[in-house]
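Thanks for coming, everyone. Please take a look at the model on the screen, and then we will walk through it together.

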Amino acid sequence: MEVFEKAMETFIDDRKREGENLKKDLLEKLCNLEKCADFFKEWQPKMEVAFKENITKRFNELLGDSADENRIMTETAALLVKYTINEEIVRLKSHLKAMRDEIQNNPAPGKKLDFICQEANREINTIGSKNQFAEVGAMVVTAKDSLENIREQSKNVE
């Protein structure tokens, strides 16, 4: 019985140590994702300006001097509603907060983390599909890599 208790104690200690290492790794990856979300937020205005410039350029190419600035602004505003990434950034940050809460407060967050990762992945994919800059595209890849690492590690958490 003494040998069994010692073996069980060692087993439990090893699992706690492994769990702390997993938690540390998950939090590091989550920190990377939060930096990506901040980067997207920083680039959002640049994306909107580039979008407006592209629309203006196309209107001018099609209509030349007869392009109506008010019409361009109206069309740009309508399309910005469709192509802005603000909603995705807000939802992504919300998902990241939920992940952090799960990691820190739930002793067995594995399945819930996997679900939240799916939701965060949707937001990152949408940001990527609306992207117009190589820098944002590179950050989308970084975010997806960190997210995939979290998803894989979440399978190791009971």
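**A walk through the helices**

Lysine 23 is partly exposed, with a relative accessible area of 28%. That value comes from a predicted model, as does everything else I show today. Where does lysine 23 sit? Its place is in helix α1. Which residues does lysine 23 touch, once neighbours within four places in sequence are set aside? The answer is Ile103 and Gln104. Now look at the chain. Lysine 23 and glutamine 104 are 81 residues apart along it. Their C-alpha atoms are separated by 8.2 Å.

Stay with α1 for its contact with α5. Helix α5 covers residues 134–154. The axes of α1 and α5 come within 9 Å. They cross at roughly 155°. An angle over 145 degrees counts as roughly antiparallel, so α1 is roughly antiparallel to α5. The crossing of α1 past α5 is left-handed. Who makes this contact? From α1, the residues include Leu22, Leu26, Phe39, Phe40 and Trp43. From α5, they include Val136, Met139, Val140, Leu147 and Ile150. How does the contact of α1 with α5 divide by class? There are 15 nonpolar residues, six polar and three charged.

Next, α1 with α2. Helix α1 runs over residues 2–63. Its axis and that of α2 come within 10 Å. The crossing angle is roughly 135°. Angles over 145 degrees would count as roughly antiparallel, and 65 to 115 as roughly perpendicular. α1 and α2 are therefore oblique to each other. This time the crossing is right-handed. On the α1 side we have Glu48, Phe51, Lys52, Ile55, Thr56, Phe59 and Asn60. They meet residues of α2, among them Ile72, Met73, Leu79, Leu80 and Tyr83. By class, the contact of α1 with α2 has eight nonpolar residues, three polar and five charged.

One more residue in α2. Alanine 78 is found in that helix. Is alanine 78 buried, exposed or partly exposed? Its relative accessibility is 48%, so alanine 78 counts as partly exposed.

Now step past the end of α2. Helix α2 spans 69–83, and α3 spans 86–105. Threonine 84 lies in the loop between them. Its relative accessible area is 14%. The cut-off for buried is under 20%, so threonine 84 is buried. What does threonine 84 touch, not counting residues up to four places away in sequence? It touches Gln44, Glu48 and Lys130. With glutamine 44 there is also a polar contact between side chains, at 3.4 Å.

On to α3 and α4. Helix α4 takes in residues 110–130. The axes of α3 and α4 come within 9 Å and cross at roughly 155°. That makes α3 roughly antiparallel to α4. α3 passes α4 in a left-handed crossing. On α3, the contact residues include Glu88, Ile89, Leu92, His95 and Met99. On α4, they include Leu113, Ile116, Cys117, Ile127 and Lys130. The contact of α3 with α4 divides into eleven nonpolar, two polar and seven charged residues.

Let me finish on one residue of that contact. Glutamate 88 sits in helix α3. Is glutamate 88 buried or exposed? At 5% relative accessibility, glutamate 88 counts as buried. Leave aside its neighbours within four places in sequence. Glutamate 88 is then in contact with Glu123, Thr126, Ile127 and Lys130. Remember Lys130: threonine 84 touches that residue too.

α1 is roughly antiparallel to α5. α1 and α2 are oblique to each other. α3 is roughly antiparallel to α4. Threonine 84 is buried in its loop, and glutamate 88 counts as buried. Thank you.

Key
Residues numbered from 1 in each chain as written. Predicted model: local features only at pLDDT ≥ 70, side-chain atom pairs only at ≥ 80, totals over all residues. Heavy atoms only, no water. Helix = DSSP H or I, 4+ residues; strand = E, 2+ residues; numbered from the N terminus. Buried < 20%, exposed > 50% of the residue type's maximum accessible area, 1.4 Å probe, protein only. Polar contact = N/O pair within 3.5 Å; in protein donor to acceptor, adjacent residues only side chain to side chain. Contact = heavy atoms within 4.5 Å. Axes fitted to C-alpha atoms, helices over the stretch in contact; angles between N-to-C directions. Parallel < 35°, antiparallel > 145°, perpendicular 65-115°, else oblique. Left-handed = near helix turned anticlockwise from the far one by under 90°. Nonpolar A, V, L, I, M, F, W, Y, C, P; charged D, E, K, R; others polar.
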